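Work through the two exercises below with the sequence and the structure open beside you, and try each task before reading its solution.

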Amino acid sequence: MALEVETRQAENGVTVVAPTGRLDVAGAPALKDAISEVVKNSPPRVVIDMEGVSFVDSTGLGSVIAVLKQIRGSEGGELRLAAPNQQVRVVLELTTLDRVFPYYATVEEALTGF
Amino acid sequence: MRSNHRRFEFTATFTGLDEGLDILHGSIQRLREAIGRPQDDRSLIFFETALGEIGSNVLTHGRPAGTERPVDYTLRFDGVTVEASLSDSGVPVHEHLTREMPAHDSEAGRGLAMARSLLDELGYEREGEVNKWRLVKRL
């Protein structure tokens, strides 16, 4: 099941990237590719809408860390995660990456004040 | 502790990454439905996450170029404990088994540490040219 990624622009100029499917060893490259396009527009302020992500593995998580570094490497760049399901939250907490990615319950919450 | 005495068994062989991952996740969904656990059952989420890690390792590193041997997979539930077995023909991986969780900014190297944390038992044996994995969790 390939990961599909849609990108849209919110009213406040933040880019919302919405992957659908499993963000795993097979799907991670698609997310990296989509974010690489976004980072071309400076400053990259990005919300990853995780609602459509059914499952994340360590490679998928690694791709999120890679894009976080890419985005924060751009001046004014910032990344927020929104709407992770329970499996994604388990993985974030297990790896203590919830300290690095404070996640928001909804995309709307993530966009507020961004 | 919730008890559920329904038994379940699933076996498959596969070779491709996408095919293999679909089969692994599909088998957990079939187990979930067979024993009447909800989608957000935490024990099954833990088990599926560990299975995804070991499964992706097996599918990416366990089939060196030229190998014709497929990955063998079995999933069993005895009413209390779920156990998955996977075998592959990759190189031995003993040195990776005790790897600790890497630093936050590391983009790789978490899989086995995650699987160990999520399971009651993660077994690994090298038999001849074959890696044999055993994942166990009480549900």
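Predicted model: local features only at pLDDT ≥ 70, side-chain atom pairs only at ≥ 80, totals over all residues.

Residues are numbered from 1 along each chain as its sequence is written, and chains are lettered from A and ligands numbered from 1 in the order in which they are written.

**Exercise 1.** Determine the strand order of the open sheet in chain B, and find its edge strands.

*Solution.* Begin with the terms: strands (E, at least two residues) and helices (H or I, at least four) are DSSP runs numbered from the N terminus, and two strands pair if DSSP finds at least two bridges between them. Strand 1 of chain B is joined to strand 2 (residues 71–77) of chain B by seven bridges, and the two run antiparallel; along this pair, Thr13(B) stands opposite Asp72(B). Continuing across the five strands gives the order 1-2-3-5-4, with antiparallel pairing. The edge strands are strand 1 (8–14) and strand 4 (121–127) of chain B, because each pairs on one side only.

**Exercise 2.** Describe the side of chain B that touches chain A.

*Solution.* With residues counted as in contact if their C-beta atoms, placed from the backbone, lie within 7 Å, the contact takes 22 residues from chain B and 21 residues from chain A. On the side of chain B, the elements that give two or more residues are helix 1, helix 2 and helix 3 (111–118), and helix 2 of chain B gives the most, with seven residues.

Note on methods. Contact = placed C-beta atoms within 7 Å.
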